[in-house]
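Here is a note for a colleague who is opening this model for the first time. Please keep the sequence and the structure side by side while reading the points.

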Amino acid sequence: MTAAHGIRPLSDTVHVSATLDKASAENFPVAPAFLPRAWRDGLTAVYGYARLVDDIGDGDLAPGGRDAALLGLDPAATDDRLAMLDAFEADLRRVFGGTDGPPRHPLLLALQPVVRAHDLTPEPFLGLIEANRQDQRVTRYETYADLVGYCELSANPVGRLVLSLTGTGTPERIRRSDAVCTALQIVEHIQDVAEDLGNDRIYLPAEDMRRFHVSEADLAAPSAGASVRSLVAFETERARELLNEGTPLVGSVHGRLRLLLAGFVGGGRAALRAVTAAGFDVLPGPPKPTKSGLLREVAAVLRTAPRKG
């Protein structure tokens, strides 16, 4: 049987696995084994979607043009990121009942039953696409508020989807989740200053760079001088404050969801601790937490998160 009859070729299965395998490199657990199977399946499908749209926006797709072909484009279109994002959005529309058949990409086909089972809406998924479109047009952020606005598209939808998948969304939890997700995005930007600059992107607000007398040339150095370290320390503290603002989310839920959310917050805290331990010098490469350090931070979140409800 062929893909048209519902069975994907082995090459597509391997292709999908290569995308999902990137979960192991994240600062936080994506779909840990202690969760119920339905939650794991939903979180894995959402992660696959988010990872693929980021890979499109970053130009980090697997070679050979397979993703372009799956989305109905010429394989040579792989490098046309805006065309790929447009085709990806068209395929997302098929997830939500488009008139031209089922989704074409296997990661989106896997997302469709999750969307239906949990009555998910298109808005969070569209936000992630729009964030990656913005990455093609905007490579510098003038103010911290501008950066937070970007995080509302690039990060906050993921937390909102986690709450939707687990049936726990309330206005207060969404507010706390947004704080955590924005913090995690800023943590990633702090870790990846050198890599982002190599892609002609700077996510450190320009107003902060001027305040600490940091130039773009300073960010291109092999290691950080005192001014860069001071700037990174400032942004690190901002991210820590956001994580603290969002931490009550952990105490507002129970059971295995509480452990999952503690993993998100603890992952962010462990990454910030790694940045601090590196003396705020992120230019040689992203400081990464150890597994033991991550576990310590998760345990600390579970001990200290105020319980509600």
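1. A word on the basis of the note comes before the details. The model is predicted, so that local features are taken up at a pLDDT of at least 70 and side-chain atom pairs count only at pLDDT 80 or more, whereas totals for chains, interfaces and linings use all residues. Residues are numbered from 1 along each chain as its sequence is written, and side-chain values use heavy atoms, with hydrogens and water left out.

2. The chain as a whole has 16 helices and zero strands, where helices (H or I, at least four residues) and strands (E, at least two) are DSSP runs numbered from the N terminus. Of its 309 residues, 49% count as buried; buried means under 20% relative accessible area, exposed means over 50%, and partly exposed lies in between, with a 1.4 Å probe and protein chains only. Among contacts (heavy atoms within 4.5 Å) between residues at least 6 apart in sequence, 70% join residues at least 24 apart.

3. The pair formed by helix α2 (residues 37-58) and α6 packs at an angle of about 15°, and the two axes are 9 Å apart. Axes here are lines fitted to C-alpha atoms, for helices over the stretch in contact, and angles run from 0 to 180 degrees between N-to-C directions. The two helices α2 and α6 are therefore roughly parallel, given that angles under 35 degrees count as roughly parallel, over 145 as roughly antiparallel, 65 to 115 as roughly perpendicular and the rest as oblique. The crossing of α2 and α6 is right-handed; a crossing has this hand if the near helix is turned clockwise from the far one by less than a right angle, and is left-handed if anticlockwise. From α2 the contact takes in Val46, Tyr49, Ala50, Val53, Asp54 and Gly57, and from α6 it takes in Phe125, Leu126, Leu128, Ile129, Asn132 and Gln136. The residues of this contact of α2 with α6 divide into eight nonpolar, three polar and one charged, where Ala, Val, Leu, Ile, Met, Phe, Trp, Tyr, Cys and Pro count as nonpolar, Asp, Glu, Lys and Arg as charged, and the others, Gly among them, as polar.

4. At what angle do the axes of α8 and α9 cross? Helix α8 (residues 156-165) and helix α9 (residues 171-191) have axes that come within 8 Å and cross at roughly 135°, and α8 and α9 are therefore oblique to each other. The crossing in which α8 passes α9 is right-handed. On the α8 side Asn156, Gly159, Arg160 and Leu163 take part, and they meet Arg173, Ile174, Ser177, Asp178, Cys181 and Thr182 in α9. The residues of the contact of α8 with α9 divide into three nonpolar, four polar and three charged.

5. Asn156, which lies in helix α8, deserves a separate look. This residue, Asn156, is buried, with a relative accessible area of 5%. Apart from neighbours within four places in sequence, Asn156 is in contact with Cys151, Asp178, Cys181 and Thr182.

6. In helix α7 (residues 144-154), the residues Tyr144, Leu147, Tyr150, Cys151 and Ser154 are buried. Seen down the axis of α7, these buried residues fall within an arc of 115°, so they line one face of the helix; the arc is that of the directions from the helix axis to the C-beta atoms. The buried residues of α7 pack against α6 (123-137), α8, α9, α11 (206-211) and α13 (226-246).

7. Leaving aside neighbours within four places in sequence, Ala305 is in contact with Thr247, Val250, Gly251 and Arg258.

8. Two loop residues call for a check of the backbone. Most residues other than glycine have a negative phi. Asp200, in the loop between α10 (193-198) and α11, has a positive phi of about 60° although it is not a glycine, and at 42% relative accessibility Asp200 counts as partly exposed. His213, in the loop between α11 and α12 (216-219), also has a positive phi of about 60°, and His213 is exposed, with a relative accessible area of 68%.
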